[in-house]
Amino acid sequence: MKVHIIGLGLIGGSFALGLKKAFPEVEISGSDASEEHLLKAQELKLIDCAATLEEAKDADVVIIAVPVDVAKKVALQVLDVVGNNTLIFDAGSTKAGLCEAIAAHPNRRNFLAAHPIAGTEFSGPEAAVETLFLQKTNIICEVEKTAFKLQERALEIFQKLGMRIRYMDPASHDRHIAYVSHLSHISSFMLGKTVLQKEQNEKDIFDLAGSGFASTVRLAKSSPAMWTPIFQQNKNNILETLEEYINNLSEFRELLKNDNFQEVFREMERTNHIKTILN
Ligand code: NAD
């Protein structure tokens, strides 16, 4: 199997490592807009060689793992050149804009729109992890628009990487993911900001920070280059989640102000329900 990966950061690099493990005979070429990332990916043996899209257009699989603002353009460029038998899939964290951008392309049936719910706060080729996708969910959108034999090839790859599959329409994907992923990142970034602002006055605050702070602020280490386009593309859904989140914070502040600790207790007790969902 010949695979070409465009974007050799955390996600592209992790696909490369996972595929090498799952399919020992695979040949992987890659490309990246950053010369430094391309060289690093070769040095780390994520890919066997660098290749242009022209050289890689007959690959069995082309994986697009670039930030979501450039993913649309890259997807159209790949669709323009591939033959009938090439599966293209992406990994972008927003799906409605991409699905709309490729909808009318004559080669639409070569494309499978995917979002692996797997990641870390790190980026670039050095962040790649062989087992990143193991036991993670991969959301596939508009599967009926992908040629059946290419769906089968994609499913075989995802299953070999240990992923579970969920099917969703792009609008539902973007709405759900705004709550469970995008809001968590904003909340972590703003918590980090709040503490950093205070730290300028109180030098010791980080010495007092325990594992609770570390785990809630972990996502604030994430790459702005990756997250700004996600917030831009999913703006309307995110604004809705922020409205609800800010209301909840304001209500909590009012309970404290009014010494309503019975309700503070109840709020936390109700939210403890999360234990039954995530362990
Ligand atoms: P990353 O920053 O680690 O890697 C992105 C790579 O794309 C970089 O090497 C960058 O140089 C390259 N790139 C940028 N523009 C390019 C272009 N025009 N052509 C070729 N290469 C280009 O980011 P990542 O975490 O690997 O994210 C990649 C995609 O996966 C994004 O669409 C993101 O939304 C999605 N995703 C990320 C996570 C996560 O937790 N990081 C999880 C699931 C999906």
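Let's start with the charges: there are 12 salt bridges in this structure, which is a predicted model.

Take glutamate 126 and lysine 40, whose side chains meet with an N to O distance of 3.6 Å. This pair links distant parts of the chain, with glutamate 126 sitting in the loop between S6 and S7 and lysine 40 in helix H2 (residues 35-43), 86 residues apart. Glutamate 126 is exposed at 59% relative accessible area, while lysine 40 comes out as partly exposed at 23%.

The loop between S6 and S7 also supplies glutamate 121, and arginine 218 comes from the loop between helix H9 (211-217) and helix H10 (224-233), so their pairing ties together parts that are 97 residues apart in sequence. Here the N to O distance is 2.8 Å. Arginine 218 is partly exposed, with 35% relative accessible area. Glutamate 121 has a value of 10%, so it counts as buried, the cut-off for that being under 20%.

Now follow that loop to its strands. S6 (residues 111-116) and S7 (residues 137-141) run antiparallel and are joined by four bridges. One of the pairings to look for is histidine 115 with isoleucine 139 of S7. S7 is mostly covered, with four of its five residues buried.

What does S7 pair with in the parallel sense? That would be strand S8 (residues 164-168), over five bridges. Threonine 137, for instance, has arginine 164 of S8 as its bridge partner.

Another salt bridge to pick out joins lysine 145 and glutamate 142, with 3.4 Å between the closest N and O atoms. Lysine 145 is partly exposed at 32% relative accessibility, whereas glutamate 142 is buried at 15%.

Helix H11 (residues 235-257) packs against helix H12 (residues 261-271) at an angle of about 145 degrees, and their axes are 8 Å apart. On the H11 side, the contact is made by Glu251, Phe252, Leu255 and Leu256, and on the H12 side by Phe261, Glu263, Val264 and Glu267. By type, that contact has five nonpolar residues, three charged and no polar.

Note on methods. Residues numbered from 1 in each chain as written. Predicted model: local features only at pLDDT ≥ 70, side-chain atom pairs only at ≥ 80, totals over all residues. Heavy atoms only, no water. Axes fitted to C-alpha atoms, helices over the stretch in contact; angles between N-to-C directions. Helix = DSSP H or I, 4+ residues; strand = E, 2+ residues; numbered from the N terminus. Contact = heavy atoms within 4.5 Å. Nonpolar A, V, L, I, M, F, W, Y, C, P; charged D, E, K, R; others polar. Buried < 20%, exposed > 50% of the residue type's maximum accessible area, 1.4 Å probe, protein only. Pairing = 2+ DSSP bridges. Salt bridge = Lys/Arg side-chain N within 4 Å of Asp/Glu carboxyl O.
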